[in-house]
Amino acid sequence: DNPLAEHLTMRMARDAGIQVAETQIAPTALGNVLLVKRFDWENGRHAHFISLHSLINVFALKDRREDDFAYDNIVRLTNRISKSDCSEEVFRRLIFNVAVGNTDDHMNNHALIKKPDERHYVLSPAYDLVPNTNLIGSHSISVGPMGMTPSQDNLLATVKLMQIPLSHAHAIISDVLKATAGWREHLSVGGMSEHHILQLARCFEFGQRIVAGLEEHLAAA
């Protein structure tokens with residue numbers, strides 16, 4: 001039940017302190033449908049929305065550089081055209097995606113938005129957050145200087161790369177763990193069947209081990 005899984009994962013992201021798109025579930029005769037409220041349209045006015053993939057402007061595999069398709073590049077690109085540093089917000093989203101096993105976190109799933117009355121772009125609300133049962137343990141973009149695998153060393157290197165104080169990184173990780181550690185009960189209370197919860201278990205269990213280990217390391221630092 002991917003629509004319900006995404007809806008409930010988005011709720012967890014909100015509880016983890018991430019601004020997310022508003023979602024709701026519409027039951028139909030063919031199963032659940034996920035409705036996502038547009039966040040680029042408000043009071044009859046359209047905001048400008050652009051994905052990070054479009055900003056990179058690379059679409060041919062032969063032109064692709066790993067450094068471009070990375071979380072730290074989201075920070076670099078956003079800070080270039082935004083008025084405030086987004087490092088901690090991007091890190092929060094990274095840690096959340098690791099914690100829930102959302103490895104389909106390619107650059108089209110990260111975006112900037114500029115409202116009609118604003119002069120600067122900001123990160124858009126997060127969207128398309130759902131555990132990916134097809135690819136566990138390797139993300140679609142680099143999570144650190146060591147590549148796409150979310151090892152503890154790679155994530156620690158990202159903290160330094162994004163120049164996030166260790167105390168802030170520890171607080172962010174604690175927020176994410178608080179929101180996601182009870183994932184099984186959260187899914188069950190949200191109406192997901194035990195069969196589907198078991199299908200998602202490997203995603204959550206893998207990510208929770210990594211993030212919990214990182215939290216313990218920073219707590220002892």
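Guide: C203 counts as buried because its relative accessibility is 1%, where buried means under 20% relative accessible area, exposed over 50%, and partly exposed in between, with a 1.4 Å probe and protein chains only. C86 is likewise buried, since its relative accessibility is 7%. The model is predicted, so local features need pLDDT of at least 70 and side-chain atom pairs count only at pLDDT 80 or more, while totals for chains, interfaces and linings use all residues. Residues are numbered from 1 along each chain as its sequence is written, and side-chain values use heavy atoms, with hydrogens and water left out.

Helices (H or I, at least four residues) and strands (E, at least two) are DSSP runs, numbered from the N terminus.

When neighbours within four places in sequence are set aside, N154 is in contact with V143, G144, P145, M146, G147 and T149; contact means heavy atoms within 4.5 Å.

After α5 comes Q163, whose phi is positive. The value is about 60°, although Q163 is not a glycine. Q163 belongs to the loop between α5 and α6. Q163 and N97 are 66 residues apart in sequence, and their C-alpha atoms are 20 Å apart in space.

N43 is found in the loop between β3 (41-42) and β4 (45-46). With a relative accessible area of 73%, N43 is exposed.

A179 is located in α6 and counts as buried, since its relative accessibility is 14%. Not counting residues up to four places away in sequence, A179 touches M12, D15 and A16. A179 and F96 are 83 residues apart along the chain, yet 9.2 Å separates their C-alpha atoms.

The loop between α4 and β6 contains N102. N102 is buried because its relative accessibility is 2%. Apart from its neighbours within four places in sequence, N102 is in contact with N97, D128, L129, V130, P131, N132 and H139.

In α3 (residues 71-81), the buried residues are Y71, D72, N73, I74, V75, L77 and T78. What covers them includes α5, together with α2 (52-56), α4, β6 (111-114) and β7 (122-123).

These details may now be placed within the whole. The protein has 8 helices and 7 strands, and 48% of its 221 residues count as buried. Among contacts between residues at least 6 apart in sequence, 68% join residues at least 24 apart. A compact globule of 221 residues would have a radius of gyration near 17 Å, and the protein has 17 Å, which agrees; the radius is taken over C-alpha atoms, and the globule rule is 2.2 Å times the number of residues to the power 0.38. Along the principal axes, the C-alpha atoms fill a box of roughly 50 × 45 × 35 Å.

The surface and the charges complete the account. The protein exposes about 11,400 Å², of which carbon and sulfur atoms supply 50%; the areas come from the Shrake-Rupley method with a 1.4 Å probe. There are 21 positive and 26 negative side chains, and the centres of the two sets lie 5 Å apart. Lys and Arg count as positive and Asp and Glu as negative, without His and the chain ends, and each charge is placed at NZ of Lys, CZ of Arg, CG of Asp or CD of Glu.
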